[in-house]
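Please read them alongside the coordinates.

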Amino acid sequence: MSNHPYRTQPGTYHRARSALQAQGFDAEVYALDATDADKVVALIAEIEASHRAVDVLHYNAASLRKATLAVQPVETFNSDLAVNIGGAMAAAQAVMATMSARQSGSILLTDGTLGINPSPGHLSLSIGKAGIRALTLGLFDATKEKGVHVATVTVGAYYVQLDSGEASEIAEEFWKLHIQKDNWTAETIYSPSAE
C-alpha cells in the first residue's frame, strides 16, 4: 500500500508496541494490506487461533488522500474505499461469529466529521467516513441484541499524531464506549480541545 498517502511511517507501531511492553503489557504488531479482505479475515483467524477470541476490534485504517472528483482516478478512489470501509466490513464480519456466540465484545470504528460534512477536496475519505458511520449505525441495534457493542468515535480532527494529547483523549472516548454496561451508545463525537 505504499501508494496510499499519509501511510503510517515504518516503525510507528513498533514504537507503540515497545511503549506498551515497557508498561508491562503483552503487545504484538501485525502488518497487512487493508484493501485485501481475505488477508484481514485470515489475520483475525490467526490471532484467534494463537491467542484467544477477540474481545475488542478497533478499526482505524484510512487513506487520507487529498483529491477532488475532477482529478482522482477511479482506480485510486476504489482502492481508498477498500481501505476506508471495505476493511472495516471484513474485520467486523470476521469477529462477529465468536463475539455473538459469547454474547460479548466490542467493535469500535473510527469515524470522522468528514462523514457528516464532506470535503470536496477529500472526497474518497469523506465517503469512507460516511460509510463507517452508516456501518456502525446500521449494525448497532442488531448486534446489541447479540451482546456485541458496535460503536464509533466521530473525530473532529483531520490528522491526529500518535503520541499527542488528542490521541489520548480519543483513546479515552473509545475506552468509555467499550466499558459501557447499560444504555449503550452507537456514537460519540470528539472535538479537539481549544488551545
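1. Asn-183 lies in the loop between helix H5 (165-179) and E4; helices (H or I, at least four residues) and strands (E, at least two) are DSSP runs, numbered from the N terminus. Although not a glycine, Asn-183 has a positive phi of about 55 degrees. Most residues other than glycine have a negative phi. Asn-183 is exposed because its relative accessible area is 70%; the cut-offs are under 20% relative accessible area for buried, over 50% for exposed and in between for partly exposed, with a 1.4 Å probe and protein chains only.

2. On provenance, this is a predicted model, in which local features need pLDDT of at least 70, side-chain atom pairs count only at pLDDT 80 or more, and totals for chains, interfaces and linings use all residues. Residues are numbered from 1 along each chain as its sequence is written, and side-chain values use heavy atoms, with hydrogens and water left out.

3. Gln-103 also deserves a look. Gln-103 sits in the loop between helix H3 (74-102) and E2, and its phi is positive at about 55 degrees although it is not a glycine. With a relative accessible area of 55%, Gln-103 is exposed. Not counting residues up to four places away in sequence, Gln-103 touches Lys-146 and Gly-147, where contact means heavy atoms within 4.5 Å. The C-alpha atoms of Gln-103 and Ile-132 are separated by 23 Å, and the two residues are 29 apart along the chain.

4. Is strand E3 enclosed or open? Of the 7 residues of E3 (residues 149-155), 7 are buried, so the strand is largely enclosed by the rest of the structure. His-149, Ala-151, Val-153 and Val-155 point one way, Val-150, Thr-152 and Thr-154 the other way, and all are buried. In a regular strand the side chains alternate between the two faces of the sheet.

5. E3 pairs with strand E2 (residues 106-112) in the parallel sense over 7 bridges; pairing requires that DSSP finds at least two bridges between the strands. Leu-109 has Thr-152 in E3 as its bridge partner. From E2 the chain passes through helix H4 (residues 123-144) to E3 in a right-handed β-α-β crossover, meaning that, with the strands pointing away from the viewer, the path from the first strand over the helix to the second runs clockwise.

6. E3 also pairs with strand E4 (residues 187-190), in the parallel sense over 4 bridges. Opposite Val-153 stands Thr-188 in E4. The covered face of E4 holds Thr-188 and Tyr-190, and the uncovered one Glu-187 and Ile-189.

7. Thr-154 belongs to strand E3 and counts as buried because its relative accessibility is 0%. Leaving aside its neighbours within four places in sequence, Thr-154 has contacts that include Asp-111, Gly-112, Thr-113 and Ile-116, as well as Glu-187, Thr-188, Ile-189 and Tyr-190.
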